[in-house]
Amino acid sequence: MSISRHQAVGAYQRWEPTAFDAPPAPEPQPEPIAAEDAPQDHVEPPALPPGFHFPTAEDFERMHEEARAAGQQEGYAEGQAAGHAEGLEAGRAQGYEEGKARARTEAEQLRTLADNLDAALTRIDEEVAEELLTLSIEIARQVLQHTLAVQPESLIDTVRAALQQLPQAHAQIRLHPDDIALVREHLGEQLGHGGHRLIEDSTLARGGCKVESSGAQIDASMDTRWRRVLESLGREDAAWKTDE
């Protein structure tokens, strides 16, 4: 941009030095600013309340100790709560395991009791069955003995069956002495035709007999017949006996 001479003359003024004895020129005073023209961001600080004083180093140290104590108390409370929760969980887990172990032990005890009960019931059943069998054998013996006493002629069928198994003649028939007269009375004719001979044998119980012929023998004694019955029942220790 170019400046003309007239513009340059008007823009610059001649400088003249001031006199040394002249009083200094007064400094220009700023014009007063109206209240409405004053900057609005300038705020006067509020007045401090009576008795206010700024905290000292001791106050800061005391506040620091209080904050530290409060932090410790809060940390202790949190740690106590966490420890309580952890202990509660550990106690619950331990109680659960102990409960499982106790339940397992009780189950084993119940199983053992059940096994023992089964064994006891089996033993009782066997004992009862044995006692019932013994009682049944004794009842059968007494019934048979009573039958022979009131119906001695049942011996006749025993002798007749034995003679049929030995058809040879001249057989020897051994009987209890008290049964000789009974057999002779009922089988006298058959005995005479076959040439059979009656022989008293006091070792035989009443109701039984032994028939021998040509080396063969039929043992129809009460002892033998009774033993065969017991063997069929699995019992061989109850011999035939008569009531005195």
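Reader: What does the protein average in pLDDT?
Author: pLDDT is the predictor's confidence in each residue, from 0 to 100. The protein averages 76, and 74% of the residues score at least 70. This is a predicted model: local features need pLDDT of at least 70, side-chain atom pairs count only at pLDDT 80 or more, and totals for chains, interfaces and linings use all residues. Residues are numbered from 1 along each chain as its sequence is written, and side-chain values use heavy atoms, with hydrogens and water left out.

Reader: Which elements have the lowest and the highest mean pLDDT?
Author: Where pLDDT is low, the predicted coordinates should not be read in detail. Here helix H1 (residues 5-11) has the lowest mean, 49. Strand E1 (residues 172-175) has the highest, 94.

Reader: How many helices and strands are there?
Author: Helices (H or I, at least four residues) and strands (E, at least two) are DSSP runs, numbered from the N terminus. The protein has five helices and four strands. Their pattern along the sequence is α-α-α-β-α-β-β-β-α.

Reader: Which residues of helix H5 are buried?
Author: Buried means under 20% relative accessible area, exposed over 50%, partly exposed in between (1.4 Å probe, protein chains only). In H5 (residues 222-232), the buried residues are Met222, Thr224, Trp226 and Leu230. Across the protein, 18% of the 244 residues are buried.

Reader: Why does leucine 121 count as partly exposed?
Author: Because its relative accessibility is 41%. Leucine 121 sits in helix H2.

Reader: Where does aspartate 125 lie?
Author: Aspartate 125 is also part of helix H2, which spans residues 57-150.
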